Amino acid sequence: MSKMLELRRALPADAGAVRALTRQAYARWVPLIGREPKPMQADYDRAVREHRIDLAYRDGVLAGLIETIEQSDHLLIENVAVLPAFQGRGVGRTLLAHAEELTSALGFGEVRLYTNKAFAENVTLYLKVGYRIDREENGPLGIAVHMSKAISSSA
């Protein structure tokens with residue numbers, strides 16, 4: 001079985017698959033926080049049109065995705081979602097590396113993301129791959145951990 005991921009940019013027709021994968025990926029957090037995480041409720045018809053969403057396939061199966069948004073001075077990772085059957089198999093790390101390559105290609109020196117503090121496994125992963133915690137922010141949906149990573153620019 002191939003370990004390689006094939007990446008392609010999502011098209012408007014992929015919005016349903018993006019929604020389904022994201023809902024499956026985040027479902028495990030519902031019991032922990034007592035509600036659906038924000039990505040489970042997003043409008044993916046709009047997101048596919050307005051943001052960059054890259055789909056990762058392993059052996060022809062949609063295994064994960066990463067949604068990024070260009071900001072004025074950085075690339076924001078809005079969503080990283082991996083199908084439960086593929087979690088813990090390097091898909092998330094590959095998607096994060098892809099976002100870092102995009103950040104550099106766009107000429108930005110920094111990639112940013114945020115996650116719920118309750119998702120401790122995610123925070124740990126981001127720290128392991130070089131992100132730093134910039135701040136924590138209390139909000140109506142819990143504590144958001146804002147993280148960033150410096151990237152050398154190729155542009």
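**A tour from a loop to the sheet**

Begin by selecting Asp59, which sits in the loop between E2 and E3. The model on screen is a predicted one. Display the backbone here: the phi angle of Asp59 is positive, at about 50°, although the residue is not a glycine. Most residues other than glycine have a negative phi. Is Asp59 buried, partly exposed or exposed? Its relative accessibility is 40%, so Asp59 counts as partly exposed, since that class lies between the limits of 20% and 50%.

Next, colour the strands. Seven of them form an open sheet with mixed pairing, and the order to follow is E1-E2-E3-E4-E5-E7-E6. Which strands lie at the edges? They are E1 (6-9) and E6 (132-139), each of which pairs on one side only. On average, neighbouring strands of this sheet are turned by 25° against each other, direction ignored. Strands of a sheet pair through backbone hydrogen bonds, either parallel or antiparallel.

Now select E6 together with strand E7 (residues 142-150): the two run antiparallel and are joined by seven bridges.

Finally, turn to two helices. Select helix H1 (residues 15-26), which lies across strand E2 (52-58), strand E3 (61-70) and strand E4 (75-82). The direction of H1 is at about 75° to E4. Then select helix H5 (residues 120-128), which lies across E4, strand E5 (110-116), E6 and E7. Relative to E5, helix H5 runs at about 160°.

Key:
Residues are numbered from 1 along each chain as its sequence is written. This is a predicted model: local features need pLDDT of at least 70, side-chain atom pairs count only at pLDDT 80 or more; totals for chains, interfaces and linings use all residues. Side-chain values use heavy atoms; hydrogens and water are left out. Two strands pair if DSSP finds at least two bridges between them. Helices (H or I, at least four residues) and strands (E, at least two) are DSSP runs, numbered from the N terminus. Axes are lines fitted to C-alpha atoms, for helices over the stretch in contact, and angles run from 0 to 180 degrees between N-to-C directions. Contact means heavy atoms within 4.5 Å. Buried means under 20% relative accessible area, exposed over 50%, partly exposed in between (1.4 Å probe, protein chains only).
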